[in-house]
Each structure stands twice: as structure tokens, then as C-alpha cells.
Amino acid sequence: MEWNNAADVKKDLTEILKHIELPHINLNRIYCYRTTGSKVRAFARTWSFPKIFQRALSIEPAYVIEVLSKHYDKLNDDQKKKVLIHELLHIPKNFSGALLPHRTRNRNINSLANQLFKEYKKSIKK
């Protein structure tokens, strides 16, 4: 498997965060990579940096958003934005380095991603 910096993904995240309100996201602590050669069926994944490593290495919380080239690169621009919104929703409001699951009693990331994508589209049309 090969990992490459994904400046285009970081640029898309910057654009998304200009239009939807996710004030807890520290874009300076999100790193973006594109992978090739993975067998995973996902479009993208968010990787956490667990608290034990943060403390041991004296490093602030951070996240890696990985897009899997095999699937992600085939998407149109809107689909890519929706995937990235979905990945951002895995980051908790305390930006602790932990990850949120897809579903809880009160929250479904897929539904919320759809809603935020609609807000994003409305905002860019203004």
C-alpha cells in the first residue's frame, strides 16, 4: 500500500469548512493522505491519534483523513464533498483524538452528512 499527501483533499476540507459550521474542527491538526493498493471498500477513513500516544509523545490531538484512490477518485466533486463531510463528522466536538461511531441513540452520521451537504450546497450558491 502506498500513502501520498493529498493537498487536493485538504483544499476541499478548507472549502467545506468555509460554508458549514463545525467550529470544533482544527484544520491545522488534520492531515490528508491518498492511498493506493488498499483492498478496503471504503471511499475514505478517518484515523485518530489516541490519548496515550498524545501524552507519551507530548503532541496535541490530530486526525488523518485517508481517501482510498481506487474508489474516491471515481466520485464526482459533490460526492467527494459529501464523503469528506461524513469523515469530519467522526471527529468529536472536544477534538480529543477520539472518533465518533456511525450511529448512537441520538445521532446518525450518514443522515447528518446529508443534511450538512445540503447546507453546503445552499451556501455556495449564495
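Ala98 counts as partly exposed, at a relative accessibility of 37%, where buried means under 20% relative accessible area, exposed over 50% and partly exposed in between, with a 1.4 Å probe and protein chains only. This is a predicted model, in which local features need pLDDT of at least 70 and side-chain atom pairs count only at pLDDT 80 or more, while totals for chains, interfaces and linings use all residues. Residues are numbered from 1 along each chain as its sequence is written, and side-chain values use heavy atoms, with hydrogens and water left out.

Ala98 is placed in the loop between α4 and α5; helices (H or I, at least four residues) and strands (E, at least two) are DSSP runs, numbered from the N terminus. Along the chain Ala98 and Pro50 are 48 residues apart, yet their C-alpha atoms are separated by 6.2 Å. When neighbours within four places in sequence are left aside, Ala98 is in contact (heavy atoms within 4.5 Å) with Ser48, Tyr63, His90 and Pro92.

His90 also has its place in the loop between α4 and α5, but His90 is buried, with a relative accessible area of 8%. Leaving aside neighbours within four places in sequence, the contacts of His90 are Thr46, Ala98, Leu99, Leu100, Pro101, His102 and Ile109.

## Two residues with positive phi

Most residues other than glycine have a negative phi. Phe95, found in the loop between α4 and α5, has a phi near 45 degrees, a positive value in a residue other than glycine. Phe95 is buried, its relative accessible area being 9%.

Ser58 has a positive phi as well, of about 55 degrees, although it is not a glycine. Ser58 is found in the loop between α2 and β4 (63-68) and counts as exposed, at 69% relative accessibility.

## Gln54 in helix α2

Gln54 lies in helix α2, which covers residues 51-57, and is buried, with a relative accessible area of 6%. The side chain of Gln54 reaches the backbone oxygen of Ser96 at 2.8 Å; a polar contact is a pair of N or O atoms within 3.5 Å, and within protein one must be able to donate a hydrogen and the other to accept it, with residues adjacent in sequence counting only if both atoms are side-chain atoms. Apart from neighbours within four places in sequence, Gln54 is in contact with Phe49, Ile59, Glu60, Pro61, Ser96 and Gly97.

## Packing of α4 against α5

Two packed helices are described by the angle between their axes and the distance between the axes. Helix α4 (residues 77-88) and helix α5 (residues 109-125) pack at an angle of about 130 degrees, with their axes 9 Å apart; axes are lines fitted to C-alpha atoms, for helices over the stretch in contact, and angles run from 0 to 180 degrees between N-to-C directions. The two helices α4 and α5 are therefore oblique to each other, since angles under 35 degrees count as roughly parallel, over 145 as roughly antiparallel, 65 to 115 as roughly perpendicular and the rest as oblique.

On the α4 side, Asp78, Lys81, Lys82, Ile85 and His86 meet Ile109, Asn110, Ala113, Asn114, Leu116, Phe117, Tyr120 and Lys121 of α5. The residues of this contact of α4 with α5 divide into 6 nonpolar, 3 polar and 4 charged, where Ala, Val, Leu, Ile, Met, Phe, Trp, Tyr, Cys and Pro count as nonpolar, Asp, Glu, Lys and Arg as charged, and the others, Gly among them, as polar.

With α5, the axis of α1 comes within 9 Å and the crossing is at roughly 85 degrees, so α1 and α5 are roughly perpendicular to each other. The contact is made by Glu15, Ile16 and His19 of α1 and by Tyr120, Ser123 and Ile124 of α5. Glu15, which is found in helix α1 (residues 7-19), counts as partly exposed at 29% relative accessibility and touches Tyr120 and Ile124, not counting residues up to four places away in sequence.
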